[in-house]
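Hi everyone, thanks for making the time. I'd like to walk you through one structure today, so please have it open while I talk.

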Amino acid sequence: LVDRPESSPLDAKTLRDVLSHHVGGLTSEGEGRYFLISALHKAVRGSDCQAALYWLARLFTAGEDPLYVARRLIRMSVEDVGLADPQALTVSLNAQECYRAIGSPEGELALAEAVVYLALAPKSAAAYVAFDKARATALETAHLMPPAHILNAPTRWMKGQGFAQGYQWDHE
């Protein structure tokens with residue numbers, strides 16, 4: 001962090017430089033990492049490209065693992081951009097793969113490009129909200145069998161029980 005000889009005294013400027021990197025505990029460890037990733041997520045969700053790049057840079061400055069950031073970008077792709085721009089998921093996955101291929105610091109640029117893309121993309125949480133509702137309904141109805149008419153009937157007994165009765169193949 002600070003380039004100084006081990007034996008030199010710690011002056012006010014050096015101390016300020018060191019402390020400026022850890023203000024408020026915003027490091028890649030502990031609760032601070034979640035504050036930073038939350039700030040990035042909110043900037044992307046709010047389509048604020050400049051703020052998103054700033055929070056991304058803060059994450060890297062704090063020492064956050066770029067693959068953790070990539071994983072969170074993938075989540076933003078499906079949670080916030082969603083069906084408004086399905087290509088966002090591909091962009092985020094490609095950025096993650098690029099980072100894996102070339103590492104830091106060059107691979108961080110791929111993540112920055114993904115952040116810009118996500119921030120500027122149209123947003124839709126429709127699939128996210130619909131899936132949450134489907135999951136809640138599935139938990140409430142997990143004890144129920146699927147309707148017999150949509151199940152295959154490979155045996156005579158199943159046919160006798162009404163399995164597949166009245167089913168029409170959708171392609172017809």
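Let's start with S47, which sits in the loop between α2 and α3. When I say helix, I mean a DSSP run of H or I with at least four residues, a strand being a run of E with at least two, and both are numbered from the N terminus. Before I go on, a word on what you're looking at: it's a predicted model, where local features need pLDDT of at least 70 and side-chain atom pairs count only at pLDDT 80 or more, while totals for chains, interfaces and linings use all residues. Residues are numbered from 1 along each chain as its sequence is written, and side-chain values use heavy atoms, with hydrogens and water left out.

Back to S47. It isn't a glycine, yet its phi is positive, at about 60 degrees. Is S47 buried or exposed, or something in between? At 38% relative accessibility, S47 counts as partly exposed. The cut-offs here are under 20% relative accessible area for buried and over 50% for exposed, with partly exposed in between, using a 1.4 Å probe and protein chains only.

A164 also has a positive phi without being a glycine, and here the value is near 65 degrees. You'll find A164 in the segment after α8, and with 30% relative accessibility it counts as partly exposed.

One more backbone item: the peptide bond running from S104 to P105 is cis, with omega near -5 degrees. P105 belongs to the loop between α5, residues 87-102, and α6, residues 106-120.

Now for some charged side chains. A salt bridge here is a side-chain nitrogen of Lys or Arg within 4 Å of a carboxyl oxygen of Asp or Glu. How many salt bridges does that rule give? The count comes to four.

Take R33 and E64: they form a salt bridge, and their closest N and O atoms are 2.7 Å apart. R33 is in helix α2 and E64 is in the loop between α3 and α4, so this pair ties together parts that are 31 residues apart in sequence. If you want to find them on screen, helix α2 covers residues 31-45, and the loop holding E64 runs between α3 (49-61) and α4 (66-81).

R33 has a relative accessible area of 18%, and for E64 the value is 5%. The two side chains also make a polar contact of 2.7 Å. That term means a pair of N or O atoms within 3.5 Å; within protein, one must be able to donate a hydrogen and the other to accept it, and residues adjacent in sequence count only if both atoms are side-chain atoms.

Next, please find R45. The side chains of R45 and E79 meet in a salt bridge, at 3.1 Å from N to O. This pair links distant parts of the chain, with E79 in helix α4 and R45 in helix α2, 34 residues apart. E79 counts as buried, at 8% relative accessibility, whereas R45 counts as partly exposed, at 36%.

R45 has a salt bridge with D80 too, at 2.6 Å from N to O. R45 lies in helix α2 and D80 in helix α4, so here the parts tied together are 35 residues apart in sequence. D80 is buried, with a relative accessible area of 7%. And which residues end up in one network? Salt bridges that share partners join R45, R75, E79 and D80.

**Surface and cysteines**

Two last stops. I150, Y167 and W169 make a nonpolar surface patch of about 350 Å². Patches are built from residues with over 30% relative accessible area and no salt bridge, joining like charges within 9 Å and nonpolar side chains (Val, Leu, Ile, Met, Phe, Trp, Tyr) within 5 Å. Accessible areas come from the Shrake-Rupley method with a 1.4 Å probe, and for residues only the protein chains shown count as cover. Y167 is in the segment after α8, residues 156-160 being that helix, and at 44% relative accessibility Y167 counts as partly exposed.

Finally, a search of the whole structure for disulfides, meaning pairs of cysteine sulfur atoms within 2.5 Å, finds zero. As for the cysteines, C49 is buried at 18% relative accessible area, and C98 is partly exposed at 29%.
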